[in-house]
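Please open the model in a viewer with selection by residue number. The tour below moves from one selection to the next and states what is found at each stop.

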Amino acid sequence: MTDTSYTENAAGPTTSDEHRAAGHWLLAKMGKKVLRPGGIELTRKLLTQLNIGTGDKVVELGPGIGRTAEIVLAGNYATYIGVDPNQDARAQIAKVLAGHHDASVVQGDARNNGLPDASADLVISEAMLTMQSAADKQKIADEVFRTLAPGGRWGMHEMSLRPDDVDQSVVDQISKALSRTIKVGARPLTAADWTKLVTDAGFELEWQGHNSMRLVDPTRIIADEGLRGALRFFNNVRRNPEARKRILAMRKVFHDNQQNLGAIALVARKPA
Ligand SMILES: C[S@@+](CC[C@H](N)C(=O)[O-])C[C@H]1O[C@@H](n2cnc3c(N)ncnc32)[C@H](O)[C@@H]1O
């Protein structure tokens, strides 16, 4: 499998090449704003668990086009910093942050985010870790630990595999099929392995939530984007045969593997 770690030049949301664009940017180009596996439903459950307060300094790693940032900025928080290596994503999220003097977006990489030690109370990351190699996942977990103040929490939302003792050949086959269609190296973990990732970095697991992985099913699209947003998306896809072909292929891979593929959210705490 090729190394598909993100770079500043990774094909972003405005790329004109439907063959080449990473799956999430293709969806974004068609007007989809929710790009995480468990949909807005699992994001809302995660945010309820995080219960962001007026004193909380929030960092979001890989905010993409900023759907979660929109929700965070509409509620309580002290400061918000989005960290994304992708220039197009930063341009999109800057629009979401406009007018919020306590919110900013910086160019950065979750593996080495450049933020001071213990400078955040909450770190949020969604649909960002799955695409990292095993070594980078651990590097990012360690980096989140460094960035959080004691007692701070990390809320993550990712693709998951099930059951916990899923056969390695199934894992390999799913990773390969996902990577081929979304054109980003996708390496989801089981719930047990996501838990191990955070506990190995020193966190205590506080909460775990699940949802089905139906990112591009029509009912989930309506739930995530609202009726108007969904209709806009369906119309854009209908008018773009290349994009339609790719999105149908993505849906088929998610559907064919639904028995083993899901979405997981975790809240992990850095001990006080
Ligand atoms: C699938 S999108 C998810 C966007 C958003 N979190 C969401 O759930 O809608 C992945 C995002 O992670 C960002 N990303 C990828 N690798 C990253 C890294 N090493 N550090 C920080 N962000 C990264 C991408 O640029 C993109 O914005």
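What volume does the largest pocket have? The largest pocket has about 230 Å³, a volume being the space filled by probe spheres set on grid points that are joined across faces, edges and corners. Before making any selection, note that this is a predicted model, in which local features need pLDDT of at least 70, side-chain atom pairs count only at pLDDT 80 or more, and totals for chains, interfaces and linings use all residues. Residues are numbered from 1 along each chain as its sequence is written, and side-chain values use heavy atoms, with hydrogens and water left out.

**Stop 1: the largest pocket**

Select L161, Q168, V171, P188 and L189, which lie nearest the centre of the largest pocket among its 14 lining residues. Pockets and cavities are found on a 1 Å grid over the protein atoms alone: a pocket is an open set of points with protein on both sides within 12 Å along at least five of seven lines, a cavity is a set of points where a 1.4 Å probe fits but cannot get out, and lining residues have an atom within 4 Å of a point. Helix 5 (134-147), helix 6 (168-182) and strand 6 (189-190) are the elements that give two or more residues to this lining. Here helices (H or I, at least four residues) and strands (E, at least two) are DSSP runs, numbered from the N terminus. By class, the lining of the largest pocket holds six nonpolar, four polar and four charged residues; Ala, Val, Leu, Ile, Met, Phe, Trp, Tyr, Cys and Pro count as nonpolar, Asp, Glu, Lys and Arg as charged, and the others, Gly among them, as polar.

**Stop 2: a cis peptide bond**

Move to the loop between strand 5 and helix 6, where P163 is found. A cis peptide bond joins R162 and P163, with omega about -5°.

**Stop 3: the second largest pocket**

The second largest pocket holds about 170 Å³ of space. Select its lining, which includes R44, L47, T48, I71, V72 and N76. Helix 2 (39-50) and helix 3 (67-73) each give two or more residues to this lining, and helix 2 gives the most, with three. The classes here are five nonpolar, four polar and one charged.

**Stop 4: the cavity**

How many cavities of 30 Å³ or more are there? The count comes to one. The largest cavity has a volume of about 590 Å³. Select H24, E126, A127, M128 and M131, the closest to its centre of the 41 residues that line the largest cavity. Helix 1 gives the most to this lining, with four residues; strand 1 (57-61) and helix 9 (241-256) are among the other elements that supply at least two. The lining divides into 23 nonpolar, nine polar and nine charged residues.

While A127 is selected, inspect its backbone: phi is near 50°, a positive value in a residue other than glycine. A127 is placed in the loop between strand 4 (120-126) and helix 5.

**Stop 5: the ligand**

Now display the ligand, whose space is the largest cavity (a molecule sits in a cavity if more than half of its atoms lie within 2 Å of its grid points). The ligand is surrounded by 19 residues, the closest being R36, G62, D84, A110 and E126; a residue is near if one of its heavy atoms lies within 4 Å. Helix 1 (23-29) and strand 2 (79-84) each supply at least two residues of this shell, which divides into ten nonpolar, five polar and four charged.

Finally, show the polar contacts, pairs of N or O atoms within 3.5 Å. A polar backbone atom of A110 is 2.8 Å from a nitrogen atom of the ligand. A backbone N or O atom of G64 lies 3.2 Å from a ligand oxygen atom, and one of E126 lies 2.9 Å from a ligand nitrogen atom. The ligand taken alone exposes 590 Å², of which the protein buries 99%, with accessible areas from the Shrake-Rupley method with a 1.4 Å probe.

How values were computed: Polar contact = N/O pair within 3.5 Å; in protein donor to acceptor, adjacent residues only side chain to side chain.
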